[in-house]
Amino acid sequence: MELPSNMQPIEKNERSTEGFSSDTGGNNEETPKAKLKTLHWDKVRASSDREMVWDQLKSSSFKLDEEMIETLFVVKTPTPNPKEMTRRPVLPSQSQENRVLDPKKSQNIAILLRALNVTVEEVCEALLEGNADALGTELLESLLKMSPSKEEERKLKEYKDDSPFKLGPAEKFLKAVLDIPFAFKRVDAMLYISNFDSEVDYLKKSFETLEAACEELRSNRMFLKLLEAVLKTGNRMNVGTNRGDAHAFKLDTLLKLVDVKGADGKTTLLHFVVQEIIRSEGARLSGGDQDQQSTMNADADAKCRKLGLQVVSNLSSELINVKKAAAMDSEVLHSEVLKLSKGIGNIAEVVRSIEAVRLKDKSIERFSESMRRFMKMAEEEIIRLQALESVAMSLVKEITEYFHGNSAREEAHPFRIFMVVRDFLMVLDRVCKEVGMINERTIVSSAHKFPVPVNPNLQPAISRLTTRWQHSSSDEDSSSA
């Protein structure tokens, strides 16, 4: 049975492309085509269950300039050259070299060595000394990637100079490194040392951020005032229900304020709370009384509201460490501390392994001394780090209980309180912008004696009141006349 056209084997498409390369009408029996440089790509399999772009191509829509492509990309046969004969190729041919490593691995190692611009002597000296600074993190990470398999290591160690085949640059490099006892265990230990300071610094800053976040939540005046406003507003709304007369609420409630909408369908409870705090803060900063704000003239009221809005809007920047803490994960931080602690044990094991062959290699003493100096310093640093972790986690527990009481035990995530506040701050920023725009429109409207409602959708009602006021004014003028 003949297959439908869109299900023909991919070879059909490959044969049709051969017609692109000649103007001879597909007669491939004439002169053989010149060999060109290879384009390394992955061929796409034909798909029988979906339409593909290849199905739409027409072989006659493109004519390839065979002469031009051969001129540009033909493979030239190398000719012997006395100068070139003394040069050793960077990546030797497979027939003479690269007999130990996989060709691709050998090539990758050679590329890494060129990029890192380091000699085998420099690497070996640093490994013998245990000098992580001499190599740096990037080079040590690259060396770990070069680590040979057990079989490759065996072959390299058994290689003799009188062998019928030569070693390539990558094999020579690895063989020289493997002559050092426990070479790649040394690399692993030195990489740990190279990363140690940055890891410790990161963890210290993380625990300091957690402490600062707890202090921000505990002492920020505006945040506490906002909670007070929400508590009073919520109790007022819940009068007569079993939810009324509350003395506290979980901070998750802050995220629900935007779900409670007014009669217009758009003004939320958070809009209302923000407006109320703006009035209160504006009056405080202006030196007046909140109860007297209704008697202010338009300019004074506008100034008062702007001052109040600025204070509320600044809350997000005042709780900056809370937002940073929300992005952290307690389990990740703890695992990083454990990893650092475990790394000290790994280094000690490497030192013991190396010292076990003391009689075979006297040079190991330099490495051992370097490692022991580091371990003494690192152990003290890790003890301090563990103390910082303990204090920070204790403060997080306290601040959660500070807001949630015994229900803090129900929290699945130790840092969830920070996540809730961060999400609320994002909503608060948006609402503050909306309230600011509403107040600006109110200022413009007050110049014409007509206030704008909290939500501009109520403007039609204002228009009706305006028309009624204008009619009554004309009737009064006619009566006076």
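Start with the place where helix α5 meets helix α9: Ala 126, Leu 127 and Leu 128 on the α5 side touch Ala 183, Arg 186, Val 187 and Met 190 on the α9 side. Contact here means heavy atoms within 4.5 Å. By class, this contact has six nonpolar residues, no polar ones and one charged residue. The classes are these: Ala, Val, Leu, Ile, Met, Phe, Trp, Tyr, Cys and Pro are nonpolar, Asp, Glu, Lys and Arg are charged, and the others, Gly among them, are polar.

Before I go on, this is a predicted model, so local features need a pLDDT of at least 70 and side-chain atom pairs count only at pLDDT 80 or more, while totals for chains, interfaces and linings use all residues. Residues are numbered from 1 along each chain as its sequence is written, and side-chain values use heavy atoms, with hydrogens and water left out.

Back to the geometry. Helix α5 covers residues 120-129 and helix α9 covers residues 183-219; they pack at an angle of about 75 degrees, with axes 10 Å apart. The axes are lines fitted to C-alpha atoms, for helices over the stretch in contact, and the angles run from 0 to 180 degrees between N-to-C directions. α5 and α9 are therefore roughly perpendicular. On that scale, under 35 degrees is roughly parallel, over 145 is roughly antiparallel, 65 to 115 is roughly perpendicular, and the rest is oblique.

Which residues in α7 and α8 meet? From α7 they are Glu 153, Leu 156 and Lys 157, and from α8 they are Glu 171, Leu 174, Lys 175 and Leu 178. This contact has three nonpolar, no polar and four charged residues.

Between α8, residues 169-178, and α9 there is a loop, and Phe 182 sits in it. Phe 182 has a positive phi of about 55 degrees although it is not a glycine. Its relative accessible area is 31%, so Phe 182 is partly exposed. The cut-offs are under 20% for buried and over 50% for exposed, with partly exposed in between, using a 1.4 Å probe and protein chains only.

Now along α9 itself. Thr 209 is in this helix and is buried, at a relative accessible area of 13%. Leaving out residues up to four places away in sequence, Thr 209 touches Asn 321, Lys 324, Ala 325 and Met 328.

Next, the aromatics. The whole structure has six aromatic pairs. In one of them, the ring centres of Phe 196 and Phe 374 are 5.2 Å apart and the planes are at 85 degrees, so the pair is edge-to-face. Rings of Phe, Tyr and Trp (its six-membered ring) pair if the centres lie within 6.5 Å; planes under 30 degrees apart are stacked, over 60 edge-to-face, and the rest tilted. Phe 196 lies in α9 and Phe 374 in helix α16, residues 364-404, so the pair ties together parts 178 residues apart in sequence. Both Phe 196 and Phe 374 are buried. Tyr 192 forms one aromatic cluster with Phe 196 and Phe 374.

Another edge-to-face pair is Phe 223 with Phe 403, at 6.1 Å centre to centre and 70 degrees between the planes. Phe 223 is in helix α10, residues 221-237, and Phe 403 is in α16, 180 residues apart. Both Phe 223 and Phe 403 are buried.

Finally, the chain as a whole. How many helices and strands are there in the chain? There are 18 helices and zero strands, taken as DSSP runs numbered from the N terminus: H or I, at least four residues, for helices, and E, at least two, for strands. Of the 481 residues, 35% count as buried.

On confidence, pLDDT is the predictor's own score for each residue, from 0 to 100. The chain averages 75, and 66% of the residues score at least 70. Confidence is lowest in helix α3, residues 82-85, at a mean of 35, and highest in helix α14, residues 320-326, at 97. The pLDDT is below 50 over residues 37-47, a stretch with 13 contacts in the model beyond near neighbours in sequence. Over residues 476-481 the pLDDT is also below 50, and that stretch has zero such contacts.
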